[in-house]
Amino acid sequence: MRKYFIPIFLLCLFTGVAMSLQTEQPQGIAITDARLGRDVKDRAIVDEDSTFELNAKAFFWFKAEGAASDSLTVTWTQGDYSHEVKLFIGGSPWRTWSAKMLTRKGDWTVSVAGPDGKILRQVGFKVR
C-alpha cells in the first residue's frame, strides 16, 4: 500500500492543478448593452433616441455582467461640465440606469466606468 502512496499523491496533485488551470477564466466587468432614451419602464428603456430637447430628461440604461457587488460610475459630460453618479451593482447580470436633466445645448457624452476607473462604455448624443 505504501508503494502506491507517492504515485497516487502526485497524480492527484497534477490532476488538481490541471483542473484549476482549466476552470480559471479571467473575470471582468462588461457592459453588454447600453441605450439612451426618454424614460425607463419595467427595467427597459423607452423612446430610445440620440437627440434631446433642452431641459428634457435623458435616461442612460445599461446591462452589466461580471460586476456583482461593485460600484460603477456614470459620468454625464458636455464641454467642461461633468456630473458623476455612482451606481451599486447587486449581481450579474444587472440592469440599471441614470437620469439627467439636460440644461446645456451641444454635444454630450455619457460613460460608465468600472471600479478601477476604466471606461467600459461611452455613448454620444446631442441636445438642441
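Colleague: Is F62 buried or exposed, and how do I read that?

Modeller: Look at relative accessible area, found with a 1.4 Å probe on protein chains only: under 20% is buried, over 50% is exposed, and anything in between is partly exposed. F62 has 0% relative accessibility, so F62 counts as buried. F60 is buried too, with a relative accessible area of 0%. Please keep in mind that this is a predicted model, where local features need pLDDT of at least 70, side-chain atom pairs count only at pLDDT 80 or more, and totals for chains, interfaces and linings use all residues. Residues are numbered from 1 along each chain as its sequence is written, and side-chain values use heavy atoms, leaving out hydrogens and water.

Colleague: Which residues does F60 touch?

Modeller: A contact means heavy atoms within 4.5 Å. Not counting residues up to four places away in sequence, F60 touches A34, R35, L36, V74, W76, T96, W97, S98, V110, S111, V112 and V123.

Colleague: How many residues are in the largest nonpolar core?

Modeller: In soluble globular proteins, nonpolar side chains tend to be buried together. A nonpolar core here is a set of buried Ala, Val, Leu, Ile, Met, Phe, Trp, Tyr and Cys residues joined through side-chain atoms within 4.5 Å. The largest one has 21 residues, and L36, F60, F62, V74, W76, V110 and F125 have the most contacts inside it.

Colleague: Which strands supply at least two residues of this core each?

Modeller: Strands (E, at least two residues) are DSSP runs, numbered from the N terminus, as are helices (H or I, at least four). The strands that each supply at least two core residues are β1 (30–41), β4 (57–65), β5 (70–78), β6 (81–89), β8 (106–113) and β9 (119–127). The largest share, four residues, comes from β4.

Colleague: How many aromatic pairs does the structure hold?

Modeller: A pair of aromatic rings is described by the distance of the centres and the angle of the planes. Rings of Phe, Tyr and Trp (its six-membered ring) pair if their centres lie within 6.5 Å; planes under 30 degrees apart count as stacked, over 60 as edge-to-face, and the rest as tilted. The structure holds five such pairs. The ring centres of F60 and F62 are 5.5 Å apart with planes at 35 degrees, so this pair is tilted. For Y81 and W108, the centres are 6.0 Å apart and the planes lie at 70 degrees, so that pair is edge-to-face. It links distant parts of the chain, with Y81 in strand β6 and W108 in strand β8, 27 residues apart. Y81 is partly exposed at 24% relative accessible area, whereas W108 is buried at 2%. Both belong to one aromatic cluster formed by F52, W76, Y81, W108 and F125.

Colleague: How do β1 and β2 pair?

Modeller: Two strands pair if DSSP finds at least two bridges between them. β1 and β2 (residues 44–48) pair in the antiparallel sense over four bridges, and G37 stands opposite E48 in β2. In their hairpin, with two residues between the strands, D42 takes a positive phi near 50 degrees.

Colleague: Where is the pLDDT below 50?

Modeller: pLDDT is the predictor's confidence in each residue, from 0 to 100. The protein chain averages 87, and 79% of the residues score at least 70. Over residues 17–26 the pLDDT is below 50, and this stretch has zero contacts in the model beyond near neighbours in sequence.
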